[in-house]
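Let's take a walk through this structure by way of its aromatic rings. Have a look at the sequence and the model first.

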Amino acid sequence: MAPNQQLQFLRDKIKEIKTAFLFNLGDSVLKFPTTIVSTVKTDDLGYVYFFVKKPKQDIREFETEFPVRLDYFQKGKECFLQIMGKAWVITDPEELTNFTCLNEDVASELKPDMVLVKVKMMKADYQETSRAGNSWWANTFGYIFTWFRSSNAYRPNTYFPAS
């Protein structure tokens, strides 16, 4: 799959699932906690944008860039997406104003207790999950059969959109 097709595939899946767990993988003492985020936008350069609740401490005390993992999963969807990347907290008022002016629907979501974060996707693992509607016995049999048949049956498709 070509890099543009990979990025478009990932953008489509993110738009479909929309919600993710944000894990801050930085080593800083003061860091954003693990939280649930709702994706606001993904762009053509491989950035994912979302809002997080502003911490009680002064935002300037936090690192402005840090490694993250986003786990996209939604009940009822037959896929799981895990994105590794680098996050930036957007605190510059001019950059924030430009972002909200270009995306009018985002401006309505902006609240004073929220901060905008953008993540550059470096690596993404996409995995199809089991089919819904099967009995537990059929699912168990399928897992065991697949496990014996092939050792790579549960490996995800890996994409590198930043390349």
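Is Phe62 buried or exposed? Phe62 is buried, at a relative accessible area of 7%, where buried means under 20% relative accessible area, exposed over 50% and partly exposed in between, with a 1.4 Å probe and protein chains only.

Before going on, note that this is a predicted model, in which local features need pLDDT of at least 70, side-chain atom pairs count only at pLDDT 80 or more, and totals for chains, interfaces and linings use all residues. Residues are numbered from 1 along each chain as its sequence is written, and side-chain values use heavy atoms, leaving out hydrogens and water.

Now for the ring pairs. Rings of Phe, Tyr and Trp (its six-membered ring) pair if their centres lie within 6.5 Å; planes under 30 degrees apart count as stacked, over 60 as edge-to-face and the rest as tilted. That rule gives 8 aromatic pairs. In one of them, Phe9 and Tyr126 have ring centres 5.0 Å apart and planes at 85°, so this pair is edge-to-face. Phe9 sits in helix H1 (residues 3–17) and Tyr126 in strand E6 (residues 114–128), so the pair ties together parts 117 residues apart in sequence. Helices (H or I, at least four residues) and strands (E, at least two) are DSSP runs, numbered from the N terminus. Tyr126 is buried, at 4% relative accessible area.

Back to Phe62: its ring and that of Phe32 have centres 5.1 Å apart and planes at 35°, so the pair is tilted. Phe32 is buried as well, with 5% relative accessibility.
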